[in-house]
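Colleague: I have a few points to go through on this model. Can you take them in turn?

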2 protein chains.
Amino acid sequence: VDAIGTLSVRGAPAVGVAAAMGLAALAGASAASHPDLFRESIRHWASLLRHSRPTAVNLRWAVDRVLAAASDSASPHEAALAMRATADAIRDEDRAMCRSIGERGADLLADGMTVLTHCNTGALATAGIGTALAAIYVAHERGMRLNVIASETRPLLQGSRLTAWELGRAGIPVTVVTEGAVASLFQRGQIDCCIVGADRIARNGDVANKIGTLSHALIAHVHNLPFYVAAPRSTIDVATADGGSIHIEDRPGAEVLGIAGASAHLAGVAVLNPAFDVTPAPLITAIVTDSGVHRPPYDFSRD
Amino acid sequence: VDAIGTLSVRGAPAVGVAAAMGLAALAGASAASHPDLFRESIRHWASLLRHSRPTAVNLRWAVDRVLAAASDSASPHEAALAMRATADAIRDEDRAMCRSIGERGADLLADGMTVLTHCNTGALATAGIGTALAAIYVAHERGMRLNVIASETRPLLQGSRLTAWELGRAGIPVTVVTEGAVASLFQRGQIDCCIVGADRIARNGDVANKIGTLSHALIAHVHNLPFYVAAPRSTIDVATADGGSIHIEDRPGAEVLGIAGASAHLAGVAVLNPAFDVTPAPLITAIVTDSGVHRPPYDFSRD
């Protein structure tokens, strides 16, 4: 709960796997206790885990699935084993999901492209090779020469700290820019397309993702360039009609002011620090999931 | 030269006044030397000052004006006095310019508005009350209740470090956001207009300003909201036909990576760090100068 709440574990799929593993580990440690106490405590932990981040639908989904695995068990010990098997399955499915997204996403890219991405959606955000970055990894495996522009992703700098590090290790050329520089690069023709992840996808294709995503989508749209979203099917929340009903987590202002020299004169300065924004479906060229490449108009009511 | 080059003095008008004062001070200290040596040295200093920042047109303009003040003088001493008087005049004109921009700019605002601004264009950027912020200061003097959204302005955080501080001291409500959060605020109807400064304005109204400006302009445009530029007349460079011919200063990548934990693992990460971007004239609702409020289509060839 602490690691998820402070973003030590971040990236919707990684959050889901971590929550699943966490709940299974707690169940394993508690399996010796009385069945009623066991049931009560795993429900309590599940509730804490479910609320450790408000936006990620994978989190709720993974916790509920591990919890459900316990329901038919004859004993706490058996329940804990079933929960652990389910958590392992979520991890393995996550790896397969990444590979599937990567293969489909790579089909949208071409040799020589410069690809903008935002935040971190790679191996550090999943149990596998990532979501949006999976497309880039698979394209690289196929021999395409890509250049990646990683927007630094204020306030927590997942772009410069995580994405640039991951891609650099993989030998994929990557350049970090501030969010403010992205429009200028589009204007000068230095970006060919944009691919990002998603924290939650509504039934109509509206996408909640890391703050700053909407800006990239609007600017790509103005420049008539493709804007792709790559995310697991589990990110699609069929219970959410559109982006307007997605609750956006407001995070502490200290995340923004913390780097500004930590100056005493900033005490009391008001900050708005929404963690996510909602990109309306019409701005999205395609949504790539492990089940296929979806094009507008989106309708995920049957998924 | 050092203070301007490292951005200790920043803001196009303040840079102009500082360069003028610097050249006058050097001339005063050197006035005892031989006339030929004096002439040679002030030309040398003028050249150093002129090139201490590549984009600001005020810098070149102020240095050339102080240099010209020396041309008809009978002695180095007399020249130094004339140069000092010219530097003083540039400072006084800058103060009057700020007031004039503020009065005209305030006419574009209305009670209750939430105004987005970028970078710092206030008392810390000029010898007076600023340019874009002057409009906000004068509106505040007139009793209008404004809320200001200050985008933090990566990489050097002039929005959170300077603008929030200035406005807070003046008792004007101000909220800091990252550049990435701006689109989301526009989408939710939480911004009524945007007003920014300018480092250089081309003859056709294209505006070079702090990196991130173009993004705000595009997003304001998509949301059909006014985007204003407020700057001294001296910012208009009639020799520059359009934004395409404005040289954009590339600054060190360390400005971007420096805050990312200063981590060793970021060594070697490529960074693009353009200091300015160019907002095309059609995105600008009005350009406010000390000589008037200009509306598109802009034609500054006769200014």
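## Helices and a sheet

Modeller: This is a predicted model. Helix 6 of chain B is mostly covered, with 8 of its 10 residues buried.

Colleague: Which residues of helix 6 of chain B are buried?

Modeller: Buried here means under 20% relative accessible area. These residues pack against helix 5, helix 7 and strands 1, 2, 4 and 7 of chain B. They are B:Ala132, B:Leu133, B:Ala134, B:Ala135, B:Ile136, B:Tyr137, B:Val138 and B:Ala139.

Colleague: What is the relative accessible area of B:Val138?

Modeller: B:Val138 sits in helix 6 of chain B, residues 132–141. It touches B:Arg99, B:Gly102, B:Glu103, B:Ala106 and B:Ile129, leaving aside residues up to four places away in sequence. The cut-off for buried is under 20%. B:Val138 is buried, at 1%.

Colleague: Which residue with a positive phi follows helix 6 of chain B?

Modeller: Helix 6 of chain B covers residues 132–141. The phi in question is near 95°, and the residue is B:Gly143.

Colleague: Which strands stand at the edges of the open sheet of 4 strands in chain B?

Modeller: The strand order in chain B is 8-5-6-10, with mixed pairing. Each edge strand has a single partner strand, so one side of each is left without a neighbour in the sheet. The edges are strand 8 (236–237) and strand 10 (276–279) of chain B.

Colleague: What is the bridge partner of B:Ile201 in strand 6 of chain B?

Modeller: Strands of a sheet pair through backbone hydrogen bonds, parallel or antiparallel. Strand 5 (200–202) and strand 6 (207–210) of chain B pair in the antiparallel sense, over 2 bridges. The partner of B:Ile201 is B:Val207.

Colleague: At what angle does helix 9 of chain B run to strand 10 of chain B?

Modeller: Helix 9 of chain B spans residues 213–222. It lies across strand 6 and strand 10 of chain B. The angle to strand 10 of chain B is about 30°.

Colleague: What arc do the buried residues of helix 3 of chain A cover around the axis?

Modeller: The buried residues are A:Phe38, A:Ser41, A:Ile42, A:Trp45, A:Ala46 and A:Leu49. They lie on the same side of helix 3 of chain A, because their arc is only 140°.

Colleague: Which residues are exposed on the other side of helix 3 of chain A?

Modeller: The cover over the buried residues of helix 3 of chain A includes helices 1, 2, 4 and 5 of chain A. Exposed takes over 50% relative accessible area. On the other side, the exposed residues are A:Leu37, A:Glu40 and A:Arg43.

Technical notes. Residues are numbered from 1 along each chain as its sequence is written. Chains are lettered from A and ligands numbered from 1 in the order in which they are written. This is a predicted model: local features need pLDDT of at least 70, side-chain atom pairs count only at pLDDT 80 or more; totals for chains, interfaces and linings use all residues. Side-chain values use heavy atoms; hydrogens and water are left out. Buried means under 20% relative accessible area, exposed over 50%, partly exposed in between (1.4 Å probe, protein chains only). Contact means heavy atoms within 4.5 Å. Two strands pair if DSSP finds at least two bridges between them. Axes are lines fitted to C-alpha atoms, for helices over the stretch in contact, and angles run from 0 to 180 degrees between N-to-C directions. The arc is that of the directions from the helix axis to the C-beta atoms.
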